[in-house]
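Please look over the sequence and the model together before reading on. The report below takes up aromatic pairs, nonpolar cores and helix packing in turn.

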Amino acid sequence: MEALTPDYDANDLPDDMQPICELIGFEATIKLIETYGGLEFNIPAQMDFFHPIAELLGEELAVKLGGYVGGRMYIPRCRTMRRNARKRLIESMRFSHTRQEIALKLGITERNVYQFLERSS
């Protein structure tokens with residue numbers, strides 16, 4: 001079964017990622033987090049087109065990011081944002097799907113679904 005795309009919310013981003021989101025946009029910020037979350041990168045002020053960030057985001061957004069950061073940057077994993085998105089998905093599916101179906105669609109365990117539903121009741 002195909003996993004669902006999370007319903008991320010910009011308000012769930014950590015404070016240090018808010019300016020990045022405003023600079024390069026929400027979709028590019030999510031792409032950055034999903035690809036490199038948990039890693040530290042050197043983001044040069046003069047961005048090289050072959051830099052992994054430029055390859056991921058495209059030259060225009062990478063140049064903007066380089067101009068803003070111009071040095072080392074830790075890209076957070078954003079666990080709270082991911083957890084909140086998963087909760088919203090579970091909640092939206094709670095009456096139309098079984099726990100097993102929800103678990104399969106979200107790529108989590110049935111026990112996780114059960115625990116969430118029990119806490120939210």
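## Aromatic pairs

Does Phe50 count as buried or exposed? In this predicted model, Phe50 has a relative accessibility of 62%, and because the cut-off for exposed is over 50%, Phe50 counts as exposed. Phe49, with a relative accessible area of 44%, is partly exposed.

A search of the whole structure gives two aromatic pairs. In one of them, Tyr36 and Phe41 lie 4.6 Å apart, centre to centre, with 65° between their planes, an edge-to-face arrangement. The rings of Phe49 and Phe50 also form a pair, with centres 5.7 Å apart and planes at 75°, and this pair is edge-to-face because planes over 60 degrees apart are classed in that way.

## The largest nonpolar core

In soluble globular proteins, nonpolar side chains tend to be buried together. The largest nonpolar core of this model has 25 residues, and those with the most contacts inside it are Leu32, Ile53, Leu57, Leu65 and Ile75. At least two residues of this core come from each of helix H1 (18-24), helix H2 (26-36), strand E1 (39-43), helix H3 (52-57), helix H4 (59-69), strand E2 (71-75) and helix H5 (79-93). Helix H2 gives the most, with five residues. Leaving aside residues up to four places away in sequence, Leu65 touches Ile20, Leu23, Ile24, Leu32, Ile43, Ile53, Leu57 and Gly70.

The buried residues of helix H2 are Ala28, Thr29, Ile30, Leu32, Ile33 and Tyr36. Their cover includes helices H1, H3, H4 and H5, together with strands E1 and E2. Just after H2 comes Gly38, which takes a positive phi of about 95°.

Two packed helices are described by the angle between their axes and the distance between the axes. For H5 and H6, the axes come within 10 Å and cross at roughly 145°, and the crossing is right-handed. Here Arg86, Leu89, Ile90 and Met93 of H5 meet Ile102, Lys105 and Leu106 of H6, a contact made up by class of five nonpolar, no polar and two charged residues.

The axes of helix H6 (residues 99-106) and helix H7 (residues 110-120) come within 8 Å and cross at roughly 115°, again in a right-handed crossing. Arg99, Gln100, Ile102 and Ala103 are the residues of H6 that make the contact, and Glu110, Val113, Tyr114 and Leu117 are those of H7. This set of residues divides into five nonpolar, one polar and two charged.

## A residue of helix H7

Where in the model is Gln115 placed? Gln115 lies in helix H7, and because its relative accessible area is 29%, between the cut-offs of 20% and 50%, Gln115 is partly exposed. From Gln18, Gln115 is 97 residues away in sequence and 31 Å away in space, C-alpha to C-alpha.

Definitions and conventions. Residues are numbered from 1 along each chain as its sequence is written. This is a predicted model: local features need pLDDT of at least 70, side-chain atom pairs count only at pLDDT 80 or more; totals for chains, interfaces and linings use all residues. Side-chain values use heavy atoms; hydrogens and water are left out. Rings of Phe, Tyr and Trp (its six-membered ring) pair if their centres lie within 6.5 Å; planes under 30 degrees apart count as stacked, over 60 as edge-to-face and the rest as tilted. Buried means under 20% relative accessible area, exposed over 50%, partly exposed in between (1.4 Å probe, protein chains only). A nonpolar core is a set of buried Ala, Val, Leu, Ile, Met, Phe, Trp, Tyr and Cys residues joined through side-chain atoms within 4.5 Å. Helices (H or I, at least four residues) and strands (E, at least two) are DSSP runs, numbered from the N terminus. Contact means heavy atoms within 4.5 Å. Axes are lines fitted to C-alpha atoms, for helices over the stretch in contact, and angles run from 0 to 180 degrees between N-to-C directions. A crossing is left-handed if the near helix is turned anticlockwise from the far one by less than a right angle, and right-handed if clockwise. Ala, Val, Leu, Ile, Met, Phe, Trp, Tyr, Cys and Pro count as nonpolar, Asp, Glu, Lys and Arg as charged, and the others, Gly among them, as polar.
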